[in-house]
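Please examine the model shown below.

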Amino acid sequence: MKPLQLTKSMQSAKLNWRQILFAGLLIGSLFCSPVVTLFAGILFALTLGNPFPVWSKKASKKLLQYCVVGLGFGMNFHESLAAGREGMTFTVVSVVTVMIVGVVLGRLLRIDRKNSYLISSGTAICGGSAIAAVAPVIDADENQTSLSLATIFILNAVALFVFPVIGHWLGMGQTQFGTWAAIAIHDTSSVVGAGAAYGEEALKVATTVKLTRALWIIPLSLVSALIFRQKGKKIQIPWFIFWFVVAMLVNTYCNLPTQLTHGISVAARCGLSATLFLIGGGLSIEVIRKVGLKPLVLGIILWAVISVASLAVILLL
């Protein structure tokens, strides 16, 4: 065998080995806690590199939506509505505050206007989903969108590990932590993951409040279109939230077998763990370098503002 052919053969074998290991870990993540699977995904990505970067990104987005809908089969509509109503005040105040502070800080730090707006949107509402919805409306280019997503992604990874530790240290109740996680953590995946790591009730509260918060994508997109005057841009509506509500209604009013609804709910939580493994696998040294210092500083400041302020209010109530 020629040297060139041998080299290609070795590279192919190495790639196949990484693919098999990645697939094995993905299957194993179905039976592990969300925190463990996220860490495993990040560790794999930073050491060996994700062999399926494009597929992982698409699969994690779809799987997250299916899992969120599945979680609805384990929730009572009336209880969830009460939890969402309690978090509504926090949502309104925090969304408006974060957007204003983010825009002002972006100017002070001399960050590109669209970058600071996207980071603020992701922090204020629901991370990557909000950025993905707002980016085409304000006509942000690929680099601006990627930079904002990378900033939010890094902070999400940190939050999933840190928040449950802080919650236990402060002795927060399940409802308190669920509300705090839904307000202070960006992406729905990390919110649900942190809630699941803290407890069953925290998971329900966190999911409901976060999805109620995610509905703000629609008015924010409309306002963004007016601010940046981008006519003809479509608003991406998160339809999976609608199906999540439908699942809760079915679980509450339809007399489905308990084994069925419980099985769907358990499968959804297992799928969530696999989702977090895929999300962790999307991190890379290039992504960290791309973020740079100023956008990351903006993201950290906004995250600190919303985390500390919401925590103080929740603990005082």
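## The second largest pocket

Seventeen residues, given as 17 in the computed lining, surround the second largest pocket, and Met99, Val103, Tyr117, Val223 and Ile227 lie nearest its centre. On a 1 Å grid over the protein atoms alone, a pocket is an open set of points with protein on both sides within 12 Å along at least five of seven lines, and lining residues have an atom within 4 Å of a point. The volume of this pocket is about 300 Å³, where a volume is the space filled by probe spheres set on the points, which are joined across faces, edges and corners. The model is predicted: local features need pLDDT of at least 70 and side-chain atom pairs count only at pLDDT 80 or more, while totals for chains, interfaces and linings use all residues. Residues are numbered from 1 along each chain as its sequence is written, and side-chain values use heavy atoms, with hydrogens and water left out.

At least two lining residues come from each of helix H4 (77-108), helix H5 (113-124) and helix H11 (217-228); H4 gives the most, with six residues. Helices are DSSP runs (H or I, at least four residues), strands are runs of E (at least two), and both are numbered from the N terminus. The lining comprises 12 nonpolar, two polar and three charged residues. Here Ala, Val, Leu, Ile, Met, Phe, Trp, Tyr, Cys and Pro count as nonpolar, Asp, Glu, Lys and Arg as charged, and the others, Gly among them, as polar.

Rolling a probe the size of a water molecule over the atoms shows where empty space is left. A cavity is a set of points where a 1.4 Å probe fits but cannot get out, and the structure holds two cavities of 30 Å³ or more.

The largest cavity contains about 60 Å³ of space. Among the residues that line it are Leu38, Phe153, Asn156, Asp187 and Leu276. H7 gives the most to this lining, with four residues, and the lining has six nonpolar, three polar and one charged residues. The second largest cavity holds about 30 Å³; its lining includes Leu71, Glu200, Lys204 and Arg269. H10 supplies the largest share of that lining, three residues.

## Nonpolar cores

A nonpolar core is a set of buried Ala, Val, Leu, Ile, Met, Phe, Trp, Tyr and Cys residues joined through side-chain atoms within 4.5 Å. The largest has 46 residues, and those with the most contacts inside it are Phe163, Met172, Phe177, Trp180 and Ile185. Helix H7 (residues 142-170) gives the most to this core, with seven residues. Apart from this core lies another, of 27 residues, including Ile119 and Leu298.

Which residues does methionine 172 contact, leaving aside its neighbours within four places in sequence? They are Gly167, Phe177, Trp180, Tyr198, Leu311, Ile314 and Leu315, where contact means heavy atoms within 4.5 Å.

## An exposed arginine

Arginine 110 is placed in the loop between H4 and H5. Although arginine 110 is not a glycine, its phi is positive, at about 60 degrees. It counts as exposed because its relative accessibility is 75%; exposed means over 50% relative accessible area, buried under 20% and partly exposed in between (1.4 Å probe, protein chains only).

Residues 264-284 are 81% helix and 0% strand, with end C-alpha atoms 33 Å apart. Residues 296-316 are 100% helix and 0% strand, and their end C-alpha atoms lie 30 Å apart.
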